[in-house]
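This report describes selected parts of one structure in plain terms. Please look at the sequence and the model before reading on.

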Amino acid sequence: MSPDLFSFRDPKRAREFAQLLSRLAPARPVKIVHVCGTHEITITEHGLRSFLPEGVEVLEGPGCPVCVTSTVDLDVAVKLAQEGVILCTFGDMMRVPGTELSLEEARAQGADVRTVLSAADAVEVARKNPAREVVFFAVGFETTAPGTAAVLLDTPPANFSVFSSHKLIPPALSALMELPQIEIDAFLAPGHVSTIIGSDAYRPVAERYHVPVVVGGFEPLDVLYALALILRQLKEGRAEVENAYVRAVLPQGNTRAQELLSQAFEVSDARWRGIGTIPGSGLAIREEFSRFDAAKKFGVEGELGEETVPGCLCADILVARAVPTDCPLFGKICTPLSPVGPCMVGSEGACSVWYRYGGRPRL
Amino acid sequence: MSPKRLSEEHISALHGAGGELMGRLLSEHILPRFSLRSLGSIGLDALDDGAALKLPPGVPVITTDSHVVKPIFFPGGDIGRLAACGTANDLAVMGARPLAMTLGLIIEEGFPLSDLERILTSIAEVLEGLRVALVAGDTKVMGKGELDGIAINTTGIGVAARPIPDAGLSPGDVIIVTGPVGDHGFALLSAREDLSLESNLSSDVAAIWPLVARALEVGGVTAMKDPTRGGLAAALNEMARKSHVGIEVEEAKIPVRDEVRGLSELLGISPLEVACEGRAVIGVAPDRAAQVLSALREHPLGREAAIIGRAIERYPGKVILDTGVGGRRFLEMPLGDPVPRIC
């Protein structure tokens, strides 16, 4: 193992960051929201919340793409599968509840639902099954969407199509700032997404809502460094975009990936579980690729069902209004083996991460 | 290949049918490998309906385990060594000296006789090393495709001066682990064909009674468990729950080989949740902890033994991990071992 990786876990430096965080923390409650399942895993697995000064909290918002997929989209996927196509999607999607069925339940009733690791794998399934229609149910943020774009641009077989539920992160940050009854002081922006879109992509949010946005990496010291930059901005009354992950993220991002995205997709409105419809937060397949657009090819529509079960706090957890242990179902009737809400289904969902890695507000 | 040849080199249905062929399998391949075949009364040679045992004074302890590991032969061991060690270790962490074992073999038709011989030799080596008698056994053959190679069931009998439960921890007790964790699970993972990982890692599978006996001689041992399925995380959680104490452990003090750490990062599997087959987690009264630790370290299997934490009053039933970077969280009971068919 490279010593470099573990140098980002050095306890001595971490203690120094903890001292820095206490010096920088303002004398009022501070709510920092991140939107990335991998950030939640780093924070929880390494117990980083115990480094936070009293009054400072870091919560996961809508950072798990599986969790925020609406029942509308899920129902489309279930219907497609029930109508006889081979439906390919990521493993985490299988158990997310739709209005009536999850994909796993549809499969148990005879539908052909397969898990794949990428859009390219789904194309492979289509090549091996030329007599069948194969639909890739595409979920994920700007990190996974270029993979879907690449297969669309690479002339996939005629029996292949994509049902796009891809979503964009910056509009979600704006939507969180517009929500009532939630005061967000700053965003810890996701490192992976930012490698694609670049740190400059957050400038409109930072300026419009006067909120600090700091891009962070995924090792413990990366996260502590980003949090220190956030607290320093708050202390100094600044609200800017800063990049605490310069070893991976450029201000302009990955322009090649951005080109792929804009060639294959156009920005559309999208529905997020727990939040509702966010203008300009989705990626719809462009007209010239409509023969690969499953929504158009099969003319299937979803319906808006109950997005969360009564008693389940997922809707509040997805917008950082609550933490998993606030939910009366957490760890009792809702566990990763028998999940009630989407935050426990997706392995990047806050509830799943807290359950597996022993997350608590503070220990 | 003629049927006759097949039955000489491979296991056939007749080997499990109780007739001539089975008799030959027993008398030529199984019995001669084991030097100790009885415990003071009716033993294996009698081929009776059961064994009768004369046990030395103390509390008799019994345990049983079935083994279905994949692959059957893995770096550092095989299913035979694993079965014999696993059963002997379950007795050892109960505080019992292993004395006798039974052996149930369920074999798939067509299984190579040479593989069976290797497996039996491994079992015999472990039993010989511990001076444990093989007192009873059973062989069954299942049809081709009805079983994946071989499954082994072993029952072990031992005697303890004082049985050591999982539930014996009191606040203040020191927690010792006898060596690096996660070797067995990761060695198996890296040996599996579908993962094509190259590694020099070997399973830690070993019989730990000689090591455990040293700790018991020093005294002060309050609780003991072998961290097999679910690894150290499962063992600590079980001990905390059953003892109604919290257990605080320091991640930085838990011995983990660099190779295991590397694989763990690569695969996203925590070394704390992966099985060991030659380790023990031992709770010791605080005044004996240093002595027990140095006694363990004198034995080759315990050179890397370490004090990793202690039992506390707060958070009964929970394990609190001081993470390597200096944070704190609960170390939860794993949902299941992330590596299937490891023992």
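Two strands pair if DSSP finds at least two bridges between them. Helices (H or I, at least four residues) and strands (E, at least two) are DSSP runs, numbered from the N terminus. The model is predicted: local features need pLDDT of at least 70, side-chain atom pairs count only at pLDDT 80 or more, and totals for chains, interfaces and linings use all residues. Residues are numbered from 1 along each chain as its sequence is written, while chains are lettered from A and ligands numbered from 1 in the order in which they are written.

**A sheet in chain B**

Chain B has an open sheet of four strands in the order E1-E6-E4-E5, and the pairing is mixed. Strand E1 (59–67) and strand E5 (133–142) of chain B are the edge strands, since each pairs on one side only. On average, neighbouring strands in this sheet are turned by 15° against each other, direction ignored. Axes here are lines fitted to C-alpha atoms, for helices over the stretch in contact, and angles run from 0 to 180 degrees between N-to-C directions.

Helix H3 (residues 79–92) of chain B lies across E1, strand E4 (96–108) and E6 of chain B, and runs at about 30° to E6(B). Contact between two residues requires that their C-beta atoms, placed from the backbone, lie within 7 Å.

| Strands | Bridges | One pair of bridge partners |
|---|---|---|
| E1(B) and E6(B) (residues 150–160) | nine | B:Ile62 and B:Ile157 |
| E10(A) (residues 265–272) and E11(A) (residues 276–285) | seven | A:Arg271 and A:Thr277 |

E10(A) and E11(A) form a hairpin with three residues between them. In its turn, A:Gly274 has a positive phi of about 90°.

**A buried residue**

B:Ile342 lies in the segment after E13 of chain B. Is B:Ile342 buried or exposed? B:Ile342 counts as buried because it has 24 C-beta neighbours inside 10 Å. The cut-offs are 20 or more other C-beta atoms within 10 Å for buried, 12 or fewer for exposed, and partly exposed in between, with C-beta atoms placed from the backbone. The C-alpha atoms of B:Ile342 and B:Leu82 are separated by 9.6 Å, although these residues are 260 residues apart along the chain.

**Where the chains meet**

In chain B, 17 residues are in contact with 22 residues of chain A. Helix H8 (258–267), strand E12 (319–322) and strand E13 (328–330) of chain B each supply at least two residues of the side that touches chain A. H8(B) gives the most to that side, with four residues.
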